[in-house]
Every structure is written in structure tokens, then in C-alpha cells.
Amino acid sequence: MTPFMTRVAEFVGTPADEVPQLAERRSTLPETRISRRVATGTGADRHVALRSLAEQYVCEANAVLGADHDHLDLVDEPLPNELAFTVTFRDHGARCSTTFADGRAFGRLVGDLFDEEEARELEGPDALPDLLVQLMEAGMEATPTTSA
């Protein structure tokens with residue numbers, strides 16, 4: 001079980017004897033930074049790396065959530081001049097996008113968990129687990145579970 005899977009298992013209340021021990025970790029908001037224009041190659045590389053890691057984490061979380069809980073969803077958006085994907089849990093979602101114009105790329109994170117006026121993006125791939133846990137927490141708080 002990966003550290004992220006352990007974190008999800010603890011989040012959904014898996015009995016302690018079934019979860020590997022990890023250092024105590026509290027839920028935190030994902031680290032973000034103010035979005036800045038970067039070279040197209042740099043922006044594309046960052047987005048693809050983030051998207052690939054998001055798929056891995058969503059699969060890991062859903063494996064732990066099993067049939068007893070709702071699952072995270074990941075949807076790609078094929079748009080001209082933009083790479084984008086959205087991760088959702090119940091009624092909450094986060095959209096990560098990178099737009100391309102004039103030889104520059106611009107990353108942006110949008111979702112109901114963020115109310116910043118200035119465009120922001122995840123600080124890096126290490127912020128992704130916090131983002132996914134925040135989505136699950138928001139979804140669990142807002143909507144009762146569908147499991148019996």
C-alpha cells in the first residue's frame with residue numbers, strides 16, 4: 001500500500017490494524033502558487049506530469065474506497081490550445097489546466113475549494129495528494145455516503 005493509499009484508508013476509517021503505520025499527517029490545503037507564464041515546453045511538461053500523477057492517485061484512492069464509497073473521477077478535456085483535466089468527488093471538483101498562446105504556457109487551478117481572485121496553480125506534484133484528500137473531505141461533509 002502506498003503512502004497515499006494509506007492516507008485514504010485512514011480517511012475513510014479503515015481499522016488501524018489494516019492500515020500500515022505512517023507518521024501522523026493532518027489534512028492540509030494543497031500548496032498553490034500564483035500562476036506565471038512559462039515556456040510552452042515547460043508548461044506542457046508540467047501539465048503532463050501532473051495529469052499522469054493524478055491518474056495514478058485517483059486509481060489508488062478508488063482501489064481503497066472500494067465498493068463501499070463513492071469514487072473519484074478524472075475527466076480530460078480536449079480543447080484547442082489548452083490541456084485540462086478535472087478531478088471530482090461527489091459534488092466537488094478541481095480543474096487543472098494549461099493554456100498555450102504566443103509561445104507561452106499558463107497553468108491554472110479552478111474549483112469550488114478555491115476562491116482566490118488571482119490565478120493559481122498547484123505548487124507541484126507533491127500538492128496533488130492534498131488536493132484529492134480535500135476533495136474527498138468536502139464531498140463527505142456535503143453529502144451523506146451512498147453506501148448502506
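The structure is a predicted model, in which local features need a pLDDT of at least 70 and side-chain atom pairs count only at pLDDT 80 or more, whereas totals for chains, interfaces and linings use all residues. Residues are numbered from 1 along each chain as its sequence is written, and side-chain values use heavy atoms, with hydrogens and water left out.

Helices (H or I, at least four residues) and strands (E, at least two) are DSSP runs numbered from the N terminus, and two strands are said to pair if DSSP finds at least two bridges between them. Five strands form an open sheet in the order β2-β6-β5-β4-β3, with antiparallel pairing. The edge strands, each of which pairs on one side only, are β2 (38–39) and β3 (72–79).

Within this sheet, strand β4 (residues 82–89) is paired with strand β5 (residues 92–101) in the antiparallel sense over eight bridges; Glu82 has Thr99 of β5 as its bridge partner, and Thr86 has Arg95 of β5. The two strands form a hairpin with two residues between them, and Arg90 in the turn has a positive phi of about 55 degrees. Eight bridges also join β5 to β6, and these strands run antiparallel, with Gly107 of β6 as the bridge partner of Thr98. In the hairpin of β5 and β6, which likewise has two residues between the strands, Asp102 takes a positive phi near 55 degrees. Seven of the 10 residues of β5 are buried, so this strand is largely enclosed by the rest of the structure.

Strand β6 (residues 104–111) contains Val110, which is partly exposed with a relative accessible area of 40%. Leaving aside neighbours within four places in sequence, Val110 is in contact (heavy atoms within 4.5 Å) with Gly93, Ala94 and Arg95.

Helix α1 (residues 3–11) and helix α2 (residues 40–65) pack at an angle of about 40 degrees, with their axes 9 Å apart; axes are lines fitted to C-alpha atoms, for helices over the stretch in contact, and angles run from 0 to 180 degrees between N-to-C directions. This makes α1 oblique to α2, since angles under 35 degrees count as roughly parallel, over 145 as roughly antiparallel, 65 to 115 as roughly perpendicular and the rest as oblique. The contact involves Phe4, Met5, Val8 and Ala9 of α1 together with Tyr57, Glu60, Ala61, Ala63, Val64 and Leu65 of α2.

Key: Buried < 20%, exposed > 50% of the residue type's maximum accessible area, 1.4 Å probe, protein only.
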